[in-house]
Amino acid sequence: MKNTIIRRLVPVPVPKYFFKDDCAIMDFFEGELSIRIHNFEDSAKTSDALYPDSPDFRKRMAAAFTSSGFIARTLARHPSIISDLVESRDLDQSYETDRLFETVKKIRLCSKNQDDLGSNLRKLRAREYVRIAWRDINGLADLDETLRDLSLLAEACVDQVCEFIFGELALRYGYPKRSDGRIQKLLVLGMGKLGARELNFSSDIDLIFAYPENTWVNEDITSDEFFTKLARSFLKVFAENSPEGLLFRVDMRLRPYGDAGPIVMSFSSMEDYYQTQGREWERYALIKARVVAGQPDDGEELTDMLRPFVYRRYFDYSTFEAIRDLKKSIASEVQRKQLSRNIKLGAGGIREIEFFGQVFQLLRGGVESELQERSILKILKILSLRNYIPDSVRQELESAYYFFRNLEHRIQQVEDRQTHDLPENELEKLRICIGMGFSDYGDFSEVLEIHQAKVHNHFRCLLGGENGEESDICAKTEIFEGIWQHPENRDATMEILGNTGFKDPENSFSNIIYIRELSLKQAGEKGKLKLDRLMPTLLKKISESDFPDTALSRIADLLKAIMQRTCYIALLQENLVSVDNLIKLASASPWIVNFLSRHPVLLDELLDPRTLYSPPSKEELREDLGYRLGQIDDENMELQMETLCVFKQSRILRVAAADITASYPLMRVSDHLTEIAETLLETVLELSFRQIAKRLAAPESLAIVEPAINSFAIIGYGKLGGLELGYGSDLDIVFLHQGEGEYSKGFDGIDTSYFFTRVAQIMIHFLTTHSNAGTLYEVDTRLRPSGSAGVLVSHINGFEDYLLNQAWTWEHQAIVRARVIVGGKDISERFNDIRKRILCIKRDVPSLKKEITEMSEKIRTHNRKKPVSGFHLKYDKGGIVDIEFFVQYLVLAYSNAYPEMSIWTDNVRILETAAKTGIISEETSLCLKKAYLSYRIEVHKRDLLGLDHEVEEDIFSEHRAFVIKTWNEYL
């Protein structure tokens, strides 16, 4: 040591000011502090320990000794610790992440036996706990560093003790191996705060021991016996007490079967346990589980094995009830053990913040892997970024968490005791108060109570009920509970229904009986209990709606679809908002209820009115879909397809909800539906190219993709091309490419035609394959050159030649509504030039009229085979098809003279252009637009109501007459 900066600490007066904010020390701390300093001095003098002679150092030591009897006592027993910390400058600097691990590893390597190892590690713990507490108390380290260092020290000790004992046992018995010959080691799961690297100052460490496979190590001992010996020796090292204190208290109660279970289990035994006997609280406990010792590959294997138990592949709303029950039991324990002063378990404490985040993790983590995170602070940030909670809630919970964790350390650093109780002694209250930066305990208590109140309010609002009581979602309404539970008196029940808003009591009574009988046959015990809680509230809310009988009838069909999937019943049971939105949409549209019945995962969309009734922009669609797919491994094509389907369905639901409730203009609805399809096609194309690169299995594969994707285009025809998609529209698409030669950087050279055909085939597989979440789109590629007999992907040159020299008139009609959906700049410009050239060809008008007329009659005859009883909006004379064919006639007949007629692909703007050029009159254009939009609005409305496209003969008589008159005049 340098004597210029270090000397023995000689007796000095206790400083009046020593905290970083110069808070005055109370007089009655002076006696205690003097004794602690003098005890330390005596010991330091005996051992010749050296220390800095500076007011700053003494100020920090006084703060540490006042706040922590543990520091004072440890340094009085082992004053060399402070000399070592000062000389190494470790009191003044943060550690690198691997510093503690390397230190513990060196101790392992130089230890002679388990006793020696334990003794050396306990000495290290004493040193590091003094350093950590000193830096924490004096404001030299923030909470994140304190939690990290405490966790890393414990983790390193666990890992290296396992390694040491494993080596000893392997020398005695040989190496335990798996059936394939690989050496296997003990795997240790760190649970709770150790798993999340959030260990508090005096925390136990919760561990679970496992090993991959039970085999024979030698003829006398099995792997199970080997690892049981290892685990018992491990616990003995950690349980040994000495003048340096304990290493860490180890808690094994979270293992399968708890205290009654084996101390260590094979992977298969653990998997069997969690699959057959795992309880909800164990799912919660495993959220933070992390491998802290063992081989990485084994750890990944076990983690993958346990993940399906923890995170369900659907939105698991039964989580609310499980967490509520768990919180109830904790609240009972708090009351029984009189833990009202407990900042961890009490109302509004640390546990409620953790529960708040973990509700979302158990609910959504199986679908959104980003939520499979161990740190509660990271989870709160994710929830805020994904708009699952307001940012103000995140800020309040985060602020409370930091306050509580700092307070937890102040309490535990006093004597290094595992306690979360606020002190009752006035002196200890003041010690904690000053340690938290307050000069008055009243001010401290006020801030503490504000944090607790905010946390408890957010937690209560999330779960419903006070102190874990039942949610208001199932508030008992005596009348409707009686109807649901005891419907035997038919006449009395129907009278009640009639008096509570139902217009057709008999039909509604039948629907209630239908739902009840279904629940008895299909719902199972848990499902029936959830339905018993849901139905009284649901019936009450339905009775208050505008069309209660209609809503109940339609919701009955939905309940039938989800009867055996209790997580969806739980969703409705737990969320009043979702019930309100369901009733609103069910009253308006049977299509939406049928849609939800086919895709019940979309019930989750009913939770947030802010997004449900606000369709996203195209940029938001791209961002959201990119985020979702970013959570999925590229190897998991099945999950990618499911994710694409759920994305499409949820976005279409939002469009439909806005359409029905906010009276969205038809063209805006079509724009949204078209943008959804465009976004999905862009994404599917990118995924397909990735699959090609993966299947080429060559390092140069990615070099192929970049130029290739710019040489490829998807052309949308029909409704997709004309920006007129409806809710159930197919996609008419054609694939083009302009690649040349071979893509030789894969293996053995790849012909361009084959390459792009494979891309298109993979795309069609993505789009049309049925997954657990349904199908993306029906795809029709028959509008390509030569139809079904033609190649799937045409070269742009061949495409041009076909349209110029071989195409039929109807194929030129189709190109009117064709546009590039996805494509590189060059090929897109080339297609647009070809389209314009084709449309601007000078045609023989009489022949054109004849061919278009014949084609319209052929379509009408094909689609109107049944006897005519009204006006079919699409196919009858004067209907939609006639308007579309008339528009196509205008484009093909007049684009040569008026090239601007070839610009647009949608009928409305083509009609407007025809009026501007004088091809038709303004009045004709306006009347045709009105007719066309009126027809489409009616078709759209009837689709949502589940009706066909045939209306009474006279409903659109004026529009129909004008369309027929115009057709006859021009064609």
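**Figure 1. Helices and strands of the protein chain in the predicted model.** The protein chain holds 41 helices and 16 strands, where helices (H or I, at least four residues) and strands (E, at least two) are DSSP runs numbered from the N terminus. This is a predicted model, in which local features need pLDDT of at least 70 and side-chain atom pairs count only at pLDDT 80 or more, while totals for chains, interfaces and linings use all residues. Residues are numbered from 1 along each chain as its sequence is written, and side-chain values use heavy atoms, with hydrogens and water left out. Taken along the principal axes, the C-alpha atoms of the protein chain fill a box of roughly 120 × 80 × 65 Å. Of the 971 residues, 57% are buried, that is, under 20% relative accessible area, with exposed meaning over 50% and partly exposed in between (1.4 Å probe, protein chains only).

**Figure 2. Close-up of helix 40 and helix 41.** Helix 40 (residues 922-944) packs with helix 41 (residues 957-970) at an angle of about 130 degrees, their axes being 10 Å apart; axes are lines fitted to C-alpha atoms, for helices over the stretch in contact, and angles run from 0 to 180 degrees between N-to-C directions. The two helices are therefore oblique to each other, since angles under 35 degrees count as roughly parallel, over 145 as roughly antiparallel, 65 to 115 as roughly perpendicular and the rest as oblique.

**Figure 3. Close-up of helix 21 and helix 23.** Helix 21 (residues 505-522) and helix 23 (residues 548-562) have axes 9 Å apart and pack at an angle of about 15 degrees, which makes helix 21 roughly parallel to helix 23. Residues of helix 21 including Ile512, Ile515 and Leu518 meet residues of helix 23 including Leu552, Ala556 and Leu559. This contact of helix 21 with helix 23 comprises 8 nonpolar, 4 polar and 2 charged residues.

**Figure 4. Close-up of Arg89, a residue other than glycine with a positive phi.** Phi of Arg89 is near 65 degrees, and the residue is found in the loop between helix 4 (80-87) and helix 5 (99-110). Arg89 counts as exposed, at 53% relative accessibility.

Definitions and conventions: Contact = heavy atoms within 4.5 Å. Nonpolar A, V, L, I, M, F, W, Y, C, P; charged D, E, K, R; others polar.
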